[in-house]
2 protein chains.
Amino acid sequence: MRRVTIRDVADRAGVSLKSVSRVVNHEANVSAKLRARVEAAITSLGYVPDTAARSLAGARFGARSFAIACLFDNPSPNYTIKVQQGVYAACREHGYHLLIESIDCQAEDVEAQMNAILQNARIDGMILTPPTTEHEMVMNMLEARGIPIVRIAPVSFAGRTPAVIIDDAAAAGEVARHFRALGHSHFGIINGPIEHGAAGTRRTGFIEALGRADCAEATGGFLFAGGIEAAYKLLRRDARPTAIFATNDDMAAGVYAAANKLGLKVPQDVSVIGFDDSWTATCVWPGLTTIYQPITEMAHEAARLLIMRESPREDVVMAYHLVERASTAPPALAARGPVGVRTL
Amino acid sequence: MRRVTIRDVADRAGVSLKSVSRVVNHEANVSAKLRARVEAAITSLGYVPDTAARSLAGARFGARSFAIACLFDNPSPNYTIKVQQGVYAACREHGYHLLIESIDCQAEDVEAQMNAILQNARIDGMILTPPTTEHEMVMNMLEARGIPIVRIAPVSFAGRTPAVIIDDAAAAGEVARHFRALGHSHFGIINGPIEHGAAGTRRTGFIEALGRADCAEATGGFLFAGGIEAAYKLLRRDARPTAIFATNDDMAAGVYAAANKLGLKVPQDVSVIGFDDSWTATCVWPGLTTIYQPITEMAHEAARLLIMRESPREDVVMAYHLVERASTAPPALAARGPVGVRTL
DNA sequence: CTTGAAATTGATAGCGCTGTCATGTTAGCG
DNA sequence: CGCTAACATGACAGCGCTATCAATTTCAAG
């Protein structure tokens with residue numbers, strides 16, 4: 001079973017190779033008659049252009065390879081999968097393929113890692129996900145090779161590449177207002193790692209919206225285990241917070257675990273709000289109130305921009321919203337106090 | 001900045017194109033002297049072979065494209081990510097790229113979906129993950145196009161393709177023995193979907209190892225939500241099981257949620273064992289006793305087989321083990337009975 | 001009808017690489 | 001020292017496609 005080539009189509013349609021090529025590539029100046037004839041031949045033969053030949057032939061002129069790559073350095077399966085789903089959907093819609101690459105941004109040899117990835121990668125563009133979005137050398141290298149970039153939720157280097165974002169600060173502010181509306185006045189926040197751009201934005205947004213209210217801070221690295229540790233610190237303070245904003249859902253799950261160990265109940269003793277509305281949020285008990293972030297849609301849009309070769313000068317801003325589940329309630333009337341010491 | 005081609009290397013080394021090609025491809029019959037010269041030229045020029053040209057040139061002979069694809073139809077992020085990590089690591093080790101594809105096995109148009117994927121995919125092989133492993137048409141189409149396959153944890157069509165597996169039945173048996181060793185005598189199992197091969201294997205292994213003991217069954221579709229439903233059914237029976245085997249961790253998390261709602265405590269009122277040792281297992285409270293499955297290693301091995309073009313006739317069997325955490329304990333001495341009706 | 005410009009189509013030359021096959025080169029052996 | 005076999009190297013065609021540029025057709029205006 002030989003491969004159907006452009007020549008077969010040309011023969012069948014009784015036209016030249018170049019005419020078929022024109023039809024396939026939707027070039028201008030092709031008569032309707034010829035187009036129809038070629039398209040019929042293509043269909044009847046089941047012709048599909050060969051990607052390798054296409055990129056080879058166009059090598060000089062920067063031909064498309066019909067594949068884009070997505071770069072990760074993210075420990076969170078939930079986030080990663082959502083991004084992949086969105087990017088993959090866009091790829092399928094446009095006949096593209098999706099390559100997955102990942103690096104360790106913390107390592108010394110980021111340059112070598114990127115070289116290994118880019119060596120013979122024929123890709124039409126690369127989507128950067130946090131925290132690779134904040135790494136300048138990655139962008140430098142991509143730009144040097146003329147590979148278009150779209151960043152998802154970047155914080156630094158604003159405007160340097162097209163980007164798809166949500167307003168993290170505003171979302172965090174909404175968390176703060178939700179807590180206050182419930183009557184809370186003692187707050188805690190569990191921050192992500194500083195190098196992760198959005199971590200800082202969420203923190204600022206939350207604290208500013210809190211105004212002068214008391215807010216204890218701890219850091220959890222965006223990881224479940226880190227969330228437990230951080231929650232311990234917060235929940236054992238003398239002035240125990242009754243409302244904790246975990247800046248992602250995984251860490252919020254950590255708050256549950258810590259609360260459990262300390263004999264505290266969610267939401268009676270402590271209200272928790274997460275961020276992401278990931279799979280975790282519905283898989284914990286009680287269901288986690290959290291900020292829904294349209295990760296899949298953001299990723300889809302990022303891929304679409306790359307594939308359509310659009311590069312909007314303004315960031316594409318997408319909508320978030322607060323999802324209320326069962327992890328938030330008014331503060332208990334009972335006297336609060338440090339736990340694990342004299343209570344319960 | 002022009003691309004460094006094989007011609008540049010040949011000129012620099014003062015040899016023919018073909019000689020460079022020989023060195024690059026590690027072909028036999030190349031003198032050490034020539035090889036050294038060529039390698040020096042390659043290094044100094046920073047030459048990297050062009051993938052597109054390579055596959056084009058070898059098109060007739062089934063040249064390599066230096067990329068493999070991994071096919072998913074799996075709702076579980078935890079599983080998917082682990083597989084990807086393993087496959088990706090193997091790819092990086094060998095200078096390969098990883099393509100991600102996914103289909104909906106339940107849909108009518110699997111053939112069309114696969115066609116869309118395979119259209120112009122230049123891949124050296126495809127890794128099938130459950131449940132795509134059980135879909136005969138997928139294998140047919142791949143084989144028709146001469147694309148090598150390796151399956152991860154297949155159940156049907158044994159021996160048809162190289163495969164990397166664990167002994168699911170034996171693992172499930174170990175779960176049963178663990179429960180019995182703790183003194184349990186009333187069991188429950190939450191099964192995965194039948195089309196998911198391993199679901200059946202785990203069930204059989206568990207029930208057989210239980211011998212004549214009482215075992216209630218329910219189905220949870222390998223999903224958290226399904227696990228809750230199934231656990232409800234099991235825990236509200238008159239003869240409430242004190243030990244439940246959830247055939248994956250997500251459903252085990254569902255058991256926790258159901259138990260919580262019914263006012264039952266894990267492990268005091270009900271012991272739970274999961275399967276996978278996924279991220280979930282350490283993220284629930286109390287920590288979930290589960291079967292560790294070396295998913296990442298299995299995926300790594302599958303990718304290695306594909307890349308090295310090995311096709312062992314025997315399945316590659318990898319080791320599992322039971323990880324004991326805090327979700328298992330001897331059955332409570334207190335009288336059992338249906339819950340939500342007259343107890344607690 | 002011409003005529004020239006615009007629109008349409010085709011012939012050809014590579015893109016960078018690898019397989020075939022032909023041409024050296026060396027070693028082995030009588 | 002000659003002759004063959006085995007090894008080492010090179011010349012060249014062509015993989016499937018696209019860009020260039022030349023050839024042809026079309027069509028409105030004169």
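## A loop phenylalanine in chain A

Let's start with Phe157(A), which sits in the loop between β4 (149-152) and β5 (163-166) of chain A. Phi of Phe157(A) is near 50°, a positive value in a residue other than glycine. Phe157(A) counts as partly exposed because its relative accessibility is 28%. The classes are buried for under 20% relative accessible area, exposed for over 50%, and partly exposed in between (1.4 Å probe, protein chains only).

## What you are looking at

This is a predicted model, where local features need pLDDT of at least 70, side-chain atom pairs count only at pLDDT 80 or more, and totals for chains, interfaces and linings use all residues. Residues are numbered from 1 along each chain as its sequence is written, chains are lettered from A and ligands numbered from 1 in the order in which they are written, and side-chain values use heavy atoms, with hydrogens and water left out.

## Chain A as a whole

Chain A has 13 helices and 12 strands. Its radius of gyration is 26 Å, well over the 20 Å that the globule rule gives for 344 residues, so chain A is more spread out than a compact globule. (That radius is taken over C-alpha atoms, and the rule is 2.2 Å times the number of residues to the power 0.38.) Along the principal axes, the C-alpha atoms of chain A fill a box of roughly 90 × 40 × 40 Å.

Buried residues make up 56% of the 344 residues in chain A. Of the chain A contacts with a separation of 6 or more, 70% are between residues 24 or more positions apart; a contact means heavy atoms within 4.5 Å. Chain A exposes about 14,700 Å², with carbon and sulfur atoms supplying 52% of it (Shrake-Rupley method, 1.4 Å probe; for residues, only the protein chains shown count as cover).

## Helix α2 of chain A

In helix α2 of chain A (residues 17-24), the buried residues are Ser19(A), Val20(A), Ser21(A), Val23(A) and Val24(A). They pack against α1 (6-13), α3 (32-45) and α4 (51-57) of chain A. Just after α2(A) comes His26(A), with a positive phi of about 50°.

## Where the two chains touch

Gln113(A) lies in helix α6 (residues 110-118) of chain A. It is buried, with a relative accessible area of 9%. Not counting residues up to four places away in sequence, Gln113(A) touches Ile103(A), Asp104(A), Ala107(A) and, from chain B, Arg92(B).

Over in chain B, Ile81(B) belongs to helix α5 (residues 77-93) and counts as buried at 10% relative accessibility. Setting aside residues up to four places away in sequence, Ile81(B) touches Pro77(A), Thr80(A) and Ile81(A). The C-alpha atoms of Ile81(B) and Asp109(B), 28 residues apart along the chain, are separated by 26 Å.

## A strand residue in chain B

Ala67(B) is part of strand β1 (residues 67-72) of chain B, and at 7% relative accessibility it counts as buried. Gly95(B) is 28 residues away from Ala67(B) along the chain, with 8.7 Å between their C-alpha atoms. Beyond residues up to four places away in sequence, Ala67(B) touches Tyr96(B), His97(B), Leu99(B), Arg122(B), Ile123(B), Asp124(B) and Gly125(B).

Thr129(B) is in the loop between β3 (126-128) and α7 (136-144) of chain B. With 0% relative accessibility, it counts as buried. A polar atom of the Thr129(B) side chain lies 2.8 Å from the backbone oxygen of Leu71(B). Leaving aside neighbours within four places in sequence, Thr129(B) is in contact with Cys70(B), Leu71(B), Phe72(B), Asp73(B), Val83(B) and Ile152(B).

Pro131(B) lies in that loop between β3 and α7 too, and a cis peptide bond joins Pro130(B) and Pro131(B), with omega about 0°.

Most residues other than glycine have a negative phi, and most peptide bonds are trans. A cis bond joins Val266(B) and Pro267(B), where omega is about 5°. Pro267(B) is found in the loop between α11 (249-261) and β9 (271-276) of chain B.

Phe222(B) has a positive phi, near 65°. This residue is in the loop between β7 (214-219) and α10 (224-235) of chain B. Phe222(B) is buried, with a relative accessible area of 10%.

Technical notes
Helix = DSSP H or I, 4+ residues; strand = E, 2+ residues; numbered from the N terminus. Polar contact = N/O pair within 3.5 Å; in protein donor to acceptor, adjacent residues only side chain to side chain.
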